[in-house]
Amino acid sequence: FGWFDPRVRTSEPLPACSMRCMSALCRRWGVVDPDEHEIAAIAAASPMAGEYLESIGKTDLAVLTTTQLRGLSSAQMRALATEALSGISTETIAALGTNQVRSLTTAQIAGLSTEQLNSLTSTQLRVLGSAQLNALGSDDLNSLSTAQFAALTSTQLGALSSNQIGNLATEDFAALSTAQLRGIEAADFGALTPLQGLSARA
């Protein structure tokens with residue numbers, strides 16, 4: 001199997017091992033529910049992450065420099081404990097590469113603090129997959145700035161649940177373009193409050 005993005009002229013075909021993975025690729029999801037092979041890969045990457053930290057003489061993620069943390073592979077990022085990520089500074093979070101952000105598990109995304117979520121750049125936010133966004137609570141989504149929320153793609157907005165849509169701040173709706181609003185599922189418009197609906201029409 002394989003998939004390429006027809007909207008990007010220079011898009012390279014991406015290999016997929018199954019229809020489920022191909023579906024994840026075309027929807028630009030983050031990490032899908034890991035199967036036994038992916039769990040084994042994460043387990044195999046954990047010692048490598050530990051070896052990397054030992055090789056640079058650090059055992060606490062909070063004391064890693066931005067350059068050192070950016071040196072972690074996607075597999076090593078997935079292998080980090082949620083609690084370990086909570087100690088990373090907002091400056092370092094903002095400096096993570098898009099592949100590193102895309103590779104974070106739903107538990108890791110859900111475990112980020114409000115300050116860490118607020119430090120994500122527009123570029124980083126645009127690579128979050130459906131599963132990662134669905135891991136965020138309504139309070140997490142509402143903690144994003146209007147500019148951050150406006151950076152989400154129509155596909156990402158379409159992946160939000162009715163509950164997430166229904167609890168969004170009215171100023172977030174006012175910041176969305178018509179193209180972004182079209183990404184929201186028709187059924188989810190039923191969850192809008194009157195004020196949200198007015199903002200969406202403005």
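# Burial, contacts and placement

User: In which helix is the place of Gln116?
Analyst: The model is a predicted one. Its chain has 18 helices and 2 strands. The helix that holds Gln116 spans residues 114-118.

User: Does Gln116 count as buried or exposed, and why?
Analyst: The cut-off for a buried residue is under 20% relative accessible area. Gln116 has a relative accessibility of 2%. Because this value falls under that cut-off, Gln116 counts as buried.

User: Which residues are in contact with Gln116, leaving aside its neighbours within four places in sequence?
Analyst: A contact requires heavy atoms within 4.5 Å. With its neighbours within four places in sequence left aside, Gln116 is in contact with Leu85, Ser86, Ile88, Thr90 and Ile93.

User: Where does Ile88 lie, and is this residue buried or exposed?
Analyst: Ile88 lies in the loop between α5 and α6 (90-95). Across 23 residues of the chain, the C-alpha atoms of Ile88 and Thr65 are separated by 9.7 Å. The relative accessible area of Ile88 is 4%, so the residue is buried.

User: What distance separates the side chain of Ser119 from the backbone oxygen of Thr90?
Analyst: Ser119 is found in the loop between α9 and α10, and at 16% relative accessibility it counts as buried. Leaving aside neighbours within four places in sequence, Ser119 is in contact with Thr90, Ile93, Ala94, Gln124 and Gln148. The side chain of Ser119 reaches the backbone oxygen of Thr90 at 3.4 Å.

User: Why does Thr82 count as partly exposed?
Analyst: The place of Thr82 is in helix α5 (residues 82-85). Not counting residues up to four places away in sequence, Thr82 touches Ala107, Gln108 and Gly111. The C-alpha atoms of Thr82 and Thr105, 23 residues apart along the chain, are separated by 9.1 Å. Thr82 is partly exposed because its relative accessible area is 24%.

User: Which residues are in contact with Arg126, leaving aside its neighbours within four places in sequence?
Analyst: Arg126 lies in the loop between α10 (122-125) and α11 (130-134), and it is partly exposed, with a relative accessible area of 41%. Arg126 and Thr155, 29 residues apart in sequence, are 9.8 Å apart from C-alpha to C-alpha. With its neighbours within four places in sequence left aside, Arg126 is in contact with Ala151, Thr153 and Gln156.

User: Which residues touch the most other members of the largest nonpolar core?
Analyst: In soluble globular proteins, nonpolar side chains tend to be buried together. In this chain, the largest nonpolar core has 31 residues. One of its members, Leu157, is in contact with Phe149, Leu152, Ile165, Leu176, Gln180, Gly183 and Ile184, leaving aside neighbours within four places in sequence. Those that touch the most other members of the core are Met77, Leu157, Leu160, Leu168 and Phe173.

User: What share of the contacts with a separation of 6 or more comes from residues 24 or more positions apart?
Analyst: Of the 202 residues of the chain, 39% count as buried. The accessible surface comes to about 10400 Å², and 56% of that surface belongs to carbon and sulfur atoms. Among contacts with a separation of 6 or more, the share from residues 24 or more positions apart is 65%.

Technical notes
Residues are numbered from 1 along each chain as its sequence is written. This is a predicted model: local features need pLDDT of at least 70, side-chain atom pairs count only at pLDDT 80 or more; totals for chains, interfaces and linings use all residues. Side-chain values use heavy atoms; hydrogens and water are left out. Helices (H or I, at least four residues) and strands (E, at least two) are DSSP runs, numbered from the N terminus. Buried means under 20% relative accessible area, exposed over 50%, partly exposed in between (1.4 Å probe, protein chains only). Accessible areas come from the Shrake-Rupley method with a 1.4 Å probe; for residues, only the protein chains shown count as cover. A nonpolar core is a set of buried Ala, Val, Leu, Ile, Met, Phe, Trp, Tyr and Cys residues joined through side-chain atoms within 4.5 Å. A polar contact is a pair of N or O atoms within 3.5 Å; within protein, one must be able to donate a hydrogen and the other to accept it, and residues adjacent in sequence count only if both atoms are side-chain atoms.
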